[in-house]
Amino acid sequence: MSRRIAIIGAGPSGMAQLRAFASAAAQQAEIPEIVCFEKQSDWGGQWNYTWRTGLDEHSEPVHSSMYRHLWSNGPKECLEFADYTFDEHFGRPISSYPPRAVLWDYINGRVHHAELVPGRLLKDAVRFSTAVRQVSSHSERGYLLTSEHLPTGQQSTEHFDAVVVACGHFSYPHIPAFEGIKTFPGPVTHAHDFRGAESLAGKDVLIIGGSYSAEDIGIQAHKLGAASVTFSVRTQPMGFGWPDTLQEWPLVERFTGSTTHFLDGRTRSFDAVVLATGYRHHFPFLAPELRLVTANTLYPDGLYKGVVFEGARDLYFLGMQDQWFTFNMFDAQAWFVRDLILQRAVLPDPQSQRRDIQTWLTRLKSVQSVREDVQFQADYIADLIELTDYPSFDLDTVVETFLAWKQDKKENILTYRDRCYRSVMTGTLAAPHHTPWMEAFDDSVEEYLREDSSPRYSALS
Ligand code: FAD
Ligand code: NA7
């Protein structure tokens, strides 16, 4: 009987897993039966924007945390697939920081017409609008997986030999409490429910958090006319080149009505609060002993090569790391998992797996600079690629691109998206977008790809 493999989630990680199997099939490998479960009605994961917040049309927790006017927050040259380049998809150079819809178009383009096996599209392997409800170990081998087709409520329980968890980890918000916050009279939202900054125009906005979401929601608010944005940062100031109306303050101590008291004794009044306090790795559908327990880190403990669950056989997790690299890292992971499933790669014994994990964890502890942090993830990806036939690429140059991006942001957080970088896959230098990011208010694919105007500024490479 053919082996059966379940993939949970058809975001970039799940799509990478499908693509990995398709790539082996194209080389005449025998592919097990693949079933990918996706609770949304289309693939793309976070990149599949929804206006909904809270619960969706099936009373299911809304997955995506993305918002209107979200443009890539890092150069696309750092996330480019090694086996499907931006040049191949768009047929001409585009800018380094495309909007969400353009990136969705790119990831969709790689797999849209692809076949898993001749005559069967990759997409046919995905059961859309189907949520995985429960996964538990089977008494003999493999897993029992219960899923629910959301439009009909029909549930089914099936046996799978291996399970790949690719459900992402930026969907369940981490919502800390602050003393007195219930007395705050204005809106208090988490970044997960943020859908656009229009309502913040003219407002004094407090954003709690000091990472990607805080930074980007802050500049979105500024772009759409917020009177001021104050970041309340717990550990380390972001230290970007902020305009005058954006400031970094220490952590909030408490709220009394609209007055916020900060740890340094200062107080200030705000109209709205956004909690950009991160997310939880949360796997309600996995039996407790199968759950990965981790914070948002570059190397979650308990995953050999960052993907193989130590606590049970034939259980894999994709994309669970904190992310400098994204799409191409998910690819490297998916290729390795595919090779384990196809028995092209062999798992070492548990002691050797533990030693390997420990080596990475020890190295991570000694990381002292941003450069070392990015290099850590680059080396992790290189280690995976070494084990598979995923096309290798110049990871060290991508590290330099990340560092240049960090520097651009330090200089001016409002203009960094106007810079252009060179692809390590094709050598193509990105083309400046026709409109500076601060003046671009239409993030549609059509407007982005419009060719009838030349750039009104020159971007630096
Ligand atoms: P996801 O994209 O989260 O996809 C997981 C999929 O699993 C979803 O489709 C979901 O519906 C499905 N799923 C979950 N649970 C179940 C279930 N029980 N049953 C069935 N299906 C399920 N990365 C970048 O490279 N550049 C950026 O600019 C960038 N911006 C970001 C902005 C925001 C606001 C966020 C939250 C993330 C951003 N990221 C960015 C990171 C982003 O998470 C990755 O790019 C990528 O989407 C991760 O892919 P994934 O497949 O691992 O997870
Ligand atoms: P991150 O990167 O996990 O960052 C979470 C931030 O929230 C970080 O600055 C934390 O501060 C802060 N945090 C967490 N808990 C608290 C409390 N209790 N008080 C104050 N501050 C707190 O999540 P993001 O949402 O920014 O980014 C996730 C993804 O979304 C990323 O891939 C982006 O591309 C978009 P700390 O540093 O721990 O002190």
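In this predicted model, ligand 2 has 18 residues around it, and the nearest of them are Gly 210, Ser 211, Ser 213, Arg 234 and Thr 235. Two of these residues place a side-chain N or O atom by an oxygen atom of the ligand: Ser 211 at 2.7 Å and Arg 234 at 2.8 Å. Tyr 212 contributes a backbone N or O atom, 3.2 Å from an oxygen atom of ligand 2.

Ligand 1 is surrounded by 30 residues, with Ser 13, Glu 38, His 63, Asn 73 and Thr 326 the closest. A polar side-chain atom of His 63 lies 2.7 Å from an oxygen atom of this ligand. Backbone N or O atoms of Pro 12 and Gln 46 also face oxygen atoms of ligand 1, at the distances in the table.

| Residue | Part of residue | Ligand | Distance to a ligand oxygen atom |
|---|---|---|---|
| Ser 211 | side chain | ligand 2 | 2.7 Å |
| Tyr 212 | backbone | ligand 2 | 3.2 Å |
| Arg 234 | side chain | ligand 2 | 2.8 Å |
| Pro 12 | backbone | ligand 1 | 3.1 Å |
| Gln 46 | backbone | ligand 1 | 2.9 Å |
| His 63 | side chain | ligand 1 | 2.7 Å |

A further feature is a pair of helices. H7 covers residues 370-386 and H8 covers residues 395-411; their axes are 10 Å apart and meet at an angle of about 150°. Angles over 145 degrees count as roughly antiparallel, so H7 and H8 are roughly antiparallel to each other. Their crossing is right-handed. On H7, the contact includes Val 370, Arg 371, Val 374 and Ile 381, and on H8 it includes Leu 395, Asp 396, Phe 402 and Lys 406. By class, the contact consists of 9 nonpolar, 1 polar and 4 charged residues.

Definitions and conventions
Residues are numbered from 1 along each chain as its sequence is written. Chains are lettered from A and ligands numbered from 1 in the order in which they are written. This is a predicted model: local features need pLDDT of at least 70, side-chain atom pairs count only at pLDDT 80 or more; totals for chains, interfaces and linings use all residues. Side-chain values use heavy atoms; hydrogens and water are left out. Axes are lines fitted to C-alpha atoms, for helices over the stretch in contact, and angles run from 0 to 180 degrees between N-to-C directions. Helices (H or I, at least four residues) and strands (E, at least two) are DSSP runs, numbered from the N terminus. Angles under 35 degrees count as roughly parallel, over 145 as roughly antiparallel, 65 to 115 as roughly perpendicular and the rest as oblique. A crossing is left-handed if the near helix is turned anticlockwise from the far one by less than a right angle, and right-handed if clockwise. Contact means heavy atoms within 4.5 Å. Ala, Val, Leu, Ile, Met, Phe, Trp, Tyr, Cys and Pro count as nonpolar, Asp, Glu, Lys and Arg as charged, and the others, Gly among them, as polar. A residue is near a molecule or strand if one of its heavy atoms lies within 4 Å of it. A polar contact is a pair of N or O atoms within 3.5 Å; within protein, one must be able to donate a hydrogen and the other to accept it, and residues adjacent in sequence count only if both atoms are side-chain atoms.
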